[in-house]
Amino acid sequence: MIEVKQPALLERYQRLIEISRNLASTLNLENLLNQIVHAAADLCNAQAASILLYDSKKRELYFSATSNLAEPLMRGLTVPVESSLAGWIVTHREPIIIADAQSDPRHFSGVARSTNITTTSLLGVPLINKEEVVGALEAINKLEGGFSQEDLEVLTALGSMAAVAIENARLFQQSDLISVLVHELRTPLTSINMATRLLLRPETSTEMRENMIRTILDETNRLSEMTTAFLDLARIESGRMQFQVQHFDVLPVLEGCVRMMQARALERGIQIDLEARECQYQIKADPDKIKQVFLNLLHNAVKYNRPEGKITIKVDAEDELRVSFADTGPGIPEESLPHLFEKFYRVPGTEKAAQGTGLGLSICQRIIEAHGGRIEAQSEVGAGSTFTVFLPLEKSC
Ligand SMILES: Nc1ncnc2c1ncn2[C@@H]1O[C@H](COP(=O)(O)OP(=O)(O)OP(=O)(O)O)[C@@H](O)[C@H]1O
Ligand SMILES: [Mg+2]
C-alpha cells in the first residue's frame, strides 16, 4: 500500500495563511473558486474538492468549481437542496464527515450518474458570510483512511476565508459588469434618441428619414447583441451557464455559420472558404454553444478583415478536433496577443475599425474551456490572424 504522508497541523495552518493571502488578492471569481477547491483537496489529502453555490430562490445548489480537471462539464450541474449532502450542510449550517457516502440516504446520486466519480468518504463545510449561507465546500475521497476531526478544523477555517473572498469577488464583479454595461448602453441610446427627435421634425427630408431609421435599426441590433453578451458573461461567471450536451457532427454546424455570415461578408466583398475532408467530425458538446463560438470567430474575421479579403475555415482531426479561422485582416500586434481573451479588451485603435464590446472572445474561451478544449490566436501584422479551436474528439470519418 502506498503511504500518503499527512502534513502536521501547524504546517497545514501555515499553508492556510499563505492561501488566505492569495485569496484576498484575487477578485476574479472563477480564479478564486479554482484556488479554493485546489487548496481544499490539497490540505485535506482528498481526491477532489468542489464548491457548490446556493441559489436560495430556486432552492438548489450548483457546482461552481471542482478540482477534478477531467470533469469540466460538472460546472453548472445542479443538486437539489432537499435530497443532497450539500443541501443538508447548507440548511443545517453544520459541517459533516461521512465515511461512506453511498450508504448515506442524504447522498445525491445524480452527480455520479453524470460524471465518472464515485464518492466514498466526504467532508463538507458550509460557506457562511455575515450570517448568510452562500454554499458548501466539499472534499471527497480521502486518499488514505477517513477524514479526521483535524481535517474538519482545517476545512472549516478555509471555508470561512473562502466565503468572505467569494462575496468580495461577487461584489467587485457586479459593480464592474454593471458600470461597464451602463456606460456601453449610453452611446447607442444617445444615437437612437437623437434620430427619433429628428424624425419628429416636419422639415426632415425623406432621405434623412431613411437614414435615421437605419441608424435606429443598427443601434437597436447593437443593444440587443450587447445585452446578450453581458448576460452570457454574467451566467458563465456565476457558474450558471447550463450545457445541453449531445453527440453531433461539427461540419453541418460550421456550414450553417457560413450561411448566416454570408450576407455580412458579401457586403464587404469578403469570400469565405470552408476546407474539410468528406468526413464526420463527431464531438460531445452543447451544439448551440459551439455554434455561438464559431459565429463569434467568423464574425470577428469579417469585421476585422480588409475589403475584398478572404476567410479560410479549416477542419481536421487527429487526437483532437481542430477548427481554424484564418483571415486577411490587418493582424494583431504581438503585445496585444496575451490580452485578447480578457473581457472588455480591444486592441488599441479597434474602435475606428468596427463596433464591439470586447466580450466575444472571452465568452468563446470560457465556453470552449468548459468543454475541455482550448482556443489559440496567432497573427502577423499586415498579413492576417488565425484563431484555432481545439476540442476533444469522439470519432472522425
Ligand atoms: N480576426 C481578428 N483580427 C484582428 N483583430 C481581432 C480579430 N479578432 C479579434 N480581434 C481584436 O480582439 C479584440 C477582442 O475581440 P472580441 O471578439 O472579444 O471583442 P469585439 O469584437 O471587440 O466585441 P464583441 O465581440 O464583444 O462584439 C477586438 O476588439 C479586436 O481588437
Ligand atoms: Mg467579437
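Residues are numbered from 1 along each chain as its sequence is written, while chains are lettered from A and ligands numbered from 1 in the order in which they are written. In this predicted model, local features need pLDDT of at least 70 and side-chain atom pairs count only at pLDDT 80 or more, whereas totals for chains, interfaces and linings use all residues; side-chain values use heavy atoms, with hydrogens and water left out.

**View 1. Helix α7 meets helix α8.** Here α7 (residues 250-267) and α8 (residues 287-303) have axes that come within 10 Å and cross at roughly 35°. Helices are DSSP runs of H or I with at least four residues, and strands are E runs of at least two, numbered from the N terminus. Axes are lines fitted to C-alpha atoms over the stretch in contact, with angles from 0 to 180 degrees between N-to-C directions. The contact (heavy atoms within 4.5 Å) involves V250, V253 and L254 of α7, among others, and residues of α8 including K291, F294 and L295. By class, 12 residues are nonpolar, 1 is polar and 2 are charged.

**View 2. Helix α8 also packs with α10.** The axes of α8 and α10 sit 10 Å apart, at an angle of about 145°. Among the residues in this contact are K289, I290 and Q292 from α8, and G360, L361 and I363 from α10.

**View 3. Ligand 1 and its surroundings.** Ligand 1 has 18 residues around it (a heavy atom within 4 Å), and Y304, D327, R346, T350 and L361 are the closest. α8, α10 (360-370) and β13 (384-392) each give at least two residues to this shell.

**View 4. Polar contacts to ligand 1.** Polar contacts are pairs of N or O atoms within 3.5 Å. A polar side-chain atom of K303 is 3.2 Å from an oxygen atom of ligand 1.

Key:
Nonpolar A, V, L, I, M, F, W, Y, C, P; charged D, E, K, R; others polar. Polar contact = N/O pair within 3.5 Å; in protein donor to acceptor, adjacent residues only side chain to side chain.
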